[in-house]
Amino acid sequence: MLVSRPGPGKSRSATLVPLAEAVADLVADGDSLALEGFTHLIPFAAGHEIVRQGRRDLELIRMTPDLLYDQMIGMGCASKLVFSYGGNPGVGSLHRFRDAIENGWPVPLEVEEHSHAGMANRYAAGAAGLPMAVMHGYAGTDLVGRTRVATVTCPFSGEELAAVPALRPDVAIVHAQEADRAGNVQLWGIPGVQKEAVLAADRSLVTVERVVEQLEPRPGGLVLPGWSIDAVCEAPAGSQPSYSLGVTERDNDFYRFWDELSRDRDRFRTWMDEHVLESVAAG
Amino acid sequence: MNVVAEPASTGELQTIVAARLLRDAGSVFIGVGRPSTAAILARMVFNRDLVLVYESGTIGAKPFRIPLSIGDGELAETADFVVSVPEMFNYWIGPGRIDVAFLGAAQVDRFANLNSTVIGDYDRPMTRLPGAGGAPEIAASCGEVVIVAPHSKRTFVERLDFRTTVGYGDGPGDRHSLGFRGRGPSAVITDLGVLEPDPETCILTLTAIHPGIEVEQVQDATGFDLGVSDDLQVTEPATDEELEALRELVSR
């Protein structure tokens, strides 16, 4: 199946809208959804808005589910998880993720797991409009037979390689430091797979720490043009308790606190009620 | 100079032994926890030029403090350069540009294969572990792999519940037939001693015990028949310099 994407044009330029409105417009029950950000720039504010809007039956895609997907899974938003590392980095387990897989709480969770290299290549293939990626990987592991990986033979060298299917999420959501009023976005620091996720997805939303008059080039800065994005929303501190380099710091204490709090279903629900459901989206 | 009041704990010695292995390495790929501490210690004490590579894409990071996650801000701020995840795996790890990789695991078998996916049956897991992360491709492609793990029967098992990462597969020749670039696991550093693959059989063998540890104690803590090297060494105790540097690093 070929999917063509429009180039720059009046019909397609990111609009600056409130987060609640953008999420309502772009995310529906049953969608496949990639909220990316590798330790850095994790779009917590957008994820929390999805929880508040009560979305269900989502296929959640993310290399490292982290606390954000732990929260969304624990709130019953997801029926499937596609991932490569489901831990609390440097701390230990993700307890809501484990409870869903081990005990089906609050709803059963289907999993499709890959290696980081596999996920990264799947996003890159999606961004390139290719049906699959070829790579060295998975060989000799029990992931073969448990996940979507196949062997292909290189037509030039005869070498056997792993093939993984492209990721094409319905919606990609990422967080960045800045956007200008035309919806052009710049992020810097650890870039993860955000660019690939946005370009692989059918629809995309970017939350930003601040809207500026003009983007100022940054060392290592990565720019996503407004015409490659559907919506841009201002969400200050929207990546906390992860961080936005140069703006906020990673709240390592919260990552440790979550390990203890999230072990208990009731304490988890109470915390989510107080800090997510009863709060209001920024913007 | 501080006086080192307490002798090294077994955990501290484990970190120091891992750090010593990086004396001559050009670059090391590290996950969080003890491997990260060992690599930062190696830069402090043995090898100023050691390039620390974290999975988050930070290459040449020079953290002052031990990071909690592999993507803490200090890693990006002090790195020589920062790359995306696809670039990290496709340009830097895959082609074998990193000399040594430090990996941990919940289970290790006699061929140094690793499980970090699940304890129990895959479809009805007793314990769901985090999963593969970067480990399968890192272990296939980096020059060599050093495994850092606590020594117990829970960790060193006869049979893995899931093979997440290949060490020597089912024995000699497997890495070659799988097309792996790297040489594979060169050592397993535990809190009791050091295991190394036998050059002929690739089976992990006890090659060093830490001071005060008995061979029998190590065998009792291992879930498979653990052979002992004819040339069994006793690990050199932590020097004052190593221990002071480690304790100072941890206290930052």
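Residues are numbered from 1 along each chain as its sequence is written, and chains are lettered from A in the order in which they are written. Because the model is predicted, local features need pLDDT of at least 70 and side-chain atom pairs count only at pLDDT 80 or more, while totals for chains, interfaces and linings use all residues.

**View 1. The contact between chain A and chain B.** Chain B contributes 39 residues to this contact and chain A contributes 43 residues; two residues are in contact if their C-beta atoms, placed from the backbone, lie within 7 Å. On the side of chain B that touches chain A, the elements giving two or more residues are helix H3 (73-78), H4, strand E9 (125-128) and H5 of chain B. Helices (H or I, at least four residues) and strands (E, at least two) are DSSP runs, numbered from the N terminus. The residues on this side of chain B comprise 17 nonpolar, 16 polar and six charged. Here Ala, Val, Leu, Ile, Met, Phe, Trp, Tyr, Cys and Pro count as nonpolar, Asp, Glu, Lys and Arg as charged, and the others, Gly among them, as polar.

**View 2. Helix H4 of chain B and its cover.** Helix H4 (residues 85-93) of chain B has Val85(B), Pro86(B), Met88(B), Phe89(B), Asn90(B) and Ile93(B) buried. A residue is buried if 20 or more other C-beta atoms lie within 10 Å of its own, exposed if 12 or fewer, and partly exposed in between, with C-beta atoms placed from the backbone. The cover over these buried residues includes helix H5 (116-128) and helix H6 (194-200) of chain A, together with strand E1 (27-30) and helix H5 (135-141) of chain B.

**View 3. The crossing of helices H2 and H8 in chain B.** The axes of helix H2 (residues 34-45) and helix H8 (residues 240-251) of chain B come within 10 Å and cross at roughly 125 degrees. Axes are lines fitted to C-alpha atoms, for helices over the stretch in contact, and angles run from 0 to 180 degrees between N-to-C directions. H2(B) is therefore oblique to H8(B); angles under 35 degrees count as roughly parallel, over 145 as roughly antiparallel, 65 to 115 as roughly perpendicular and the rest as oblique. From H2(B), the contact involves Thr37(B), Ile40(B), Leu41(B), Met44(B) and Val45(B), and from H8(B) it involves Glu241(B), Glu242(B), Ala245(B), Leu246(B) and Leu249(B). Seven of these contact residues are nonpolar, one is polar and two are charged.

**View 4. The enclosed helix H1 of chain B.** Eight of the 11 residues of helix H1 (residues 10-20) of chain B are buried, so this helix is largely enclosed by the rest of the structure. The buried residues are Glu12(B), Leu13(B), Gln14(B), Thr15(B), Ile16(B), Val17(B), Ala18(B) and Ala19(B). They pack against H2, strand E5 (100-103), E10, strand E11 (185-189), strand E12 (193-197) and H8 of chain B.

**View 5. The buried face of helix H1 in chain A.** Leu19(A), Ala22(A), Val23(A) and Leu26(A) are the buried residues of helix H1 (residues 19-26) of chain A. Seen down the axis of H1(A), they fall within an arc of 95 degrees, so they line one face of the helix; the arc is that of the directions from the helix axis to the C-beta atoms. These residues pack against helix H2 (44-52), strand E11 (171-180), strand E13 (203-212) and strand E15 (231-234) of chain A.

**View 6. Thr164(B) and its surroundings.** Thr164(B) lies in the loop between strand E10 (144-148) and helix H6 (174-177) of chain B. With 28 other C-beta atoms within 10 Å, Thr164(B) is buried. Not counting residues up to four places away in sequence, Thr164(B) touches Thr141(A) as well as Leu114(B), Asn115(B), Ser116(B), Thr117(B), Ala132(B), Ala135(B) and Pro136(B).

**View 7. Backbone features of chain A.** The peptide bond from Trp105(A) to Pro106(A) is cis, with omega near -5 degrees, and Pro106(A) lies in the loop between helix H4 (95-103) and strand E7 (110-113) of chain A. The peptide bond from Gln240(A) to Pro241(A) is also cis, with omega near 15 degrees. Asp57(A), although not a glycine, has a positive phi of about 60 degrees; Asp57(A) counts as partly exposed, with 14 C-beta neighbours inside 10 Å. Asp66(A), in helix H3 (residues 66-74) of chain A, has a positive phi near 55 degrees and counts as buried, with 30 C-beta neighbours inside 10 Å.
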